Amino acid sequence: MKYMLLIYNNAESRKAIEADMDTVMAKVDEIMSELQASGEFVGGMALAETSRTVQVRDGVPVVTDGPFLEAKELMAGYITVDVESLERATEIAARWPDAALCAMEIRPVIGEVE
């Protein structure tokens, strides 16, 4: 089953990451190496802090530059894994540095667009 692990951070977690970038990236590299070696890694990307939200209301696009979320957290990136169970996806998310600094969200992938 494929799962997308959504990586969230906030101003405080970004400061913590920047203050200890070498350690954080070493943890990420370790996890990524394991996932690639096991064949569980599907893909992933880091995302910029800026965003744009588009909503169409009464046929008119309403564009808001963001991040748009009302919360203090923003999606910083994602990783997609193909694992045996939700428990394995949870194990991976719990090891990701952002889980200790802010949050990770796990979503099953129910379809793919090609």
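Here are some questions and answers about the predicted model shown above.

User: How are residues numbered, and what does the predicted model require of local features?
Analyst: Residues are numbered from 1 along each chain as its sequence is written, and side-chain values use heavy atoms, with hydrogens and water left out. This is a predicted model, in which totals for chains, interfaces and linings use all residues, side-chain atom pairs count only at pLDDT 80 or more, and local features need pLDDT of at least 70.

User: Which pattern does the protein follow along the sequence?
Analyst: The protein has four helices and six strands. These are DSSP runs numbered from the N terminus, with helices (H or I) of at least four residues and strands (E) of at least two. Read along the sequence, the pattern is β-α-α-β-β-β-β-α-α-β.

User: What share of the 114 residues in the protein is buried?
Analyst: Buried means under 20% relative accessible area, exposed over 50%, and partly exposed in between, with a 1.4 Å probe and protein chains only. By that rule, the buried share of the 114 residues is 28%.

User: Which residues of helix H3 are buried, and what covers them?
Analyst: In H3 (residues 86-95), the buried residues are Arg88, Ala89, Ile92 and Ala93. Seen down the helix axis, they fall within an arc of 140 degrees, so they line one face of H3; the arc is that of the directions from the axis to the C-beta atoms. The face turned away carries the exposed residues Glu87 and Ala94. Covering the buried residues of H3 are elements including E1, H2, E5, H4 and strand E6 (103-108).

User: Which residues lie nearest the centre of the largest pocket?
Analyst: On a 1 Å grid over the protein atoms alone, a pocket is an open set of points where a 1.4 Å probe fits, with protein on both sides within 12 Å along at least five of seven lines; lining residues have an atom within 4 Å of a point. The largest pocket has 24 lining residues, and nearest its centre are Ile7, Asn9, Ala46, Ala76 and Asp98.

User: How many residues in the lining of the largest pocket are charged?
Analyst: Asp, Glu, Lys and Arg count as charged, Ala, Val, Leu, Ile, Met, Phe, Trp, Tyr, Cys and Pro as nonpolar, and the others, Gly among them, as polar. The lining has 17 nonpolar residues and three polar ones, and its charged residues number four.

User: How far apart are the C-alpha atoms of Ala16 and Asp98?
Analyst: Ala16 lies in helix H1 and is partly exposed, with a relative accessible area of 29%. Ala16 and Asp98 are 82 residues apart along the chain, and their C-alpha atoms are separated by 9.9 Å.

Conventions
Contact means heavy atoms within 4.5 Å.
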